[in-house]
Amino acid sequence: MTGAPAEVLARPGGFITFEGGEGAGKSTQITRLAAWLRAGPDRGPREVVTTREPGGSPRAERIRAAVLSGIAKPHGPFAEALMFAAARLDHLATLIRPSLARGAVVLCDRFSDSTRAYQGAAGGLEPETLAALERVVVGPTRPDLTLILDLPPEIGLARARQRDRAAAVTPDRFEAEALEFHQRLRAAFRAIAEAEPGRCVVIDAQQPPDAVAQAVRAAVAARLPHLAPGVSDAA
Ligand code: T5A
C-alpha cells in the first residue's frame with residue numbers, strides 16, 4: 001500500500017454529498033449552499049463545484065439517461081449498480097478528483113450512499129457486494145460530510161410529482177417504484193447516518209426551504225468550520 005493520494009491528505013476544500021429520498025430538496029439546497037459558500041465575506045471568493053449523480057460528466061450523463069430510462073431494470077439491481085458505478089468512475093476521474101485537487105469545494109447531489117440505499121437496502125443487493133464495488137470505484141475519495149435530507153416518502157414523492165407535472169415530464173425509473181420501496185430507502189439512509197455519525201448529519205427536510213438551508217449551513221459550519229464564511233451567518 002502506498003497510502004492515500006495527495007488530494008485526500010491535503011484537501012483544502014471539501015467534498016460534501018447530499019442524500020435522501022425523491023423530492024427531498026437536495027437540488028434546492030445545493031444551489032443555496034453553493035451561494036453561501038461562494039460569497040464568503042471573511043475569506044474572499046471560493047471555488048464551489050456543484051454536480052450530481054448519476055451524471056456530472058458528459059460520459060456519465062449518457063449513462064444517466066440510459067439507467068433512468070429503465071433500460072437495465074430487467075437485468076436486476078446488480079446490473080444497475082454496475083451502471084451507476086461506471087458513471088461514478090468517470091465522474092470521479094474527470095470532475096470530482098481534479099476539482100478537489102485544485103482546492104475547490106465539491107457539492108454532489110447523491111453519491112455512493114444512494115447505491116447502498118437504492119440497489120442495496122431497497123433493491124436487495126448484499127452489502128458486501130456493494131462495499132467491494134465502493135472500495136474499487138470510490139477508493140479514498142470519500143465525502144468529508146454527507147447531509148441526509150430526511151422526510152416521509154409520501155411528502156417527497158408528492159413534491160417530485162408536482163415538479164414533474166409542472167415541467168411536463170414523466171416519473172423516472174425509481175420515482176415510479178411503490179411506496180414500500182421508498183419507505184425502505186428512508187430507513188436505509190437513516191441507518192447509514194447511524195452507522196457513520198462522523199460523516200453524516202440528518203436534516204429534517206419537512207421544514208420550509210429557509211429552515212432547511214439554515215440547518216444545512218449550521219451542519220457545514222460545525223463539521224467543516226474552515227469552509228464557513230462567517231460564524232454569524234451559520235447561527
Ligand atoms: N440512484 C442514484 C440510484 O438508484 N443509485 C445511485 O447510485 C444513484 C447515484 C436520480 C435517481 O437515481 C437513483 C436515485 C434517483 O431515483 P434524480 O432525477 O437525480 O434521479 O432524482 P433525485 O436525486 O431524487 O432528485 P429530485 O430531483 O427528485 O429531488 P431533489 O433534488 O431532492 O428535490 P428538489 O430540490 O428538486 O425539490 C423537489 C420539489 O420540491 C420543492 C422544489 O421546489 C421542487 O419543486 N421543494 C420544497 N417544497 C417544500 N418544502 C421544501 N423544503 C422544499 N424543498 C424543495
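**View 1. Helices H4 and H6 of the predicted model are roughly parallel to each other.** Angles under 35 degrees count as roughly parallel, and the axes of H4 (residues 77-102) and H6 (residues 127-137) cross at roughly 25°, which is therefore a roughly parallel arrangement. The two axes come within 10 Å, and H4 passes H6 in a right-handed crossing. On the H4 side, the contact is formed by Phe 78, Ala 81, Leu 82, Ala 85, Arg 88, Leu 89, Leu 92 and Arg 97; H6 contributes Thr 129, Leu 130, Leu 133 and Val 137. By class, the residues of this contact comprise 9 nonpolar, 1 polar and 2 charged.

**View 2. The ligand is surrounded by 27 residues.** The closest of these are Glu 22, Ser 27, Thr 28, Arg 110 and Thr 115. A polar backbone atom of Gly 25 is 2.9 Å from an oxygen atom of the ligand.

**View 3. A cis peptide bond joins Glu 53 to Pro 54.** Its omega is near -10°. Pro 54 belongs to the loop between strand S2 (48-52) and helix H3 (58-68).

**View 4. Arg 110 has a positive phi, near 75°.** Arg 110 is a residue other than glycine, and its place is in the loop between strand S3 (105-109) and helix H5 (112-122). Arg 110 is also among the residues closest to the ligand. Most residues other than glycine have a negative phi.

Technical notes. Residues are numbered from 1 along each chain as its sequence is written. This is a predicted model: local features need pLDDT of at least 70, side-chain atom pairs count only at pLDDT 80 or more; totals for chains, interfaces and linings use all residues. Side-chain values use heavy atoms; hydrogens and water are left out. Axes are lines fitted to C-alpha atoms, for helices over the stretch in contact, and angles run from 0 to 180 degrees between N-to-C directions. Helices (H or I, at least four residues) and strands (E, at least two) are DSSP runs, numbered from the N terminus. Angles under 35 degrees count as roughly parallel, over 145 as roughly antiparallel, 65 to 115 as roughly perpendicular and the rest as oblique. A crossing is left-handed if the near helix is turned anticlockwise from the far one by less than a right angle, and right-handed if clockwise. Contact means heavy atoms within 4.5 Å. Ala, Val, Leu, Ile, Met, Phe, Trp, Tyr, Cys and Pro count as nonpolar, Asp, Glu, Lys and Arg as charged, and the others, Gly among them, as polar. A residue is near a molecule or strand if one of its heavy atoms lies within 4 Å of it. A polar contact is a pair of N or O atoms within 3.5 Å; within protein, one must be able to donate a hydrogen and the other to accept it, and residues adjacent in sequence count only if both atoms are side-chain atoms.
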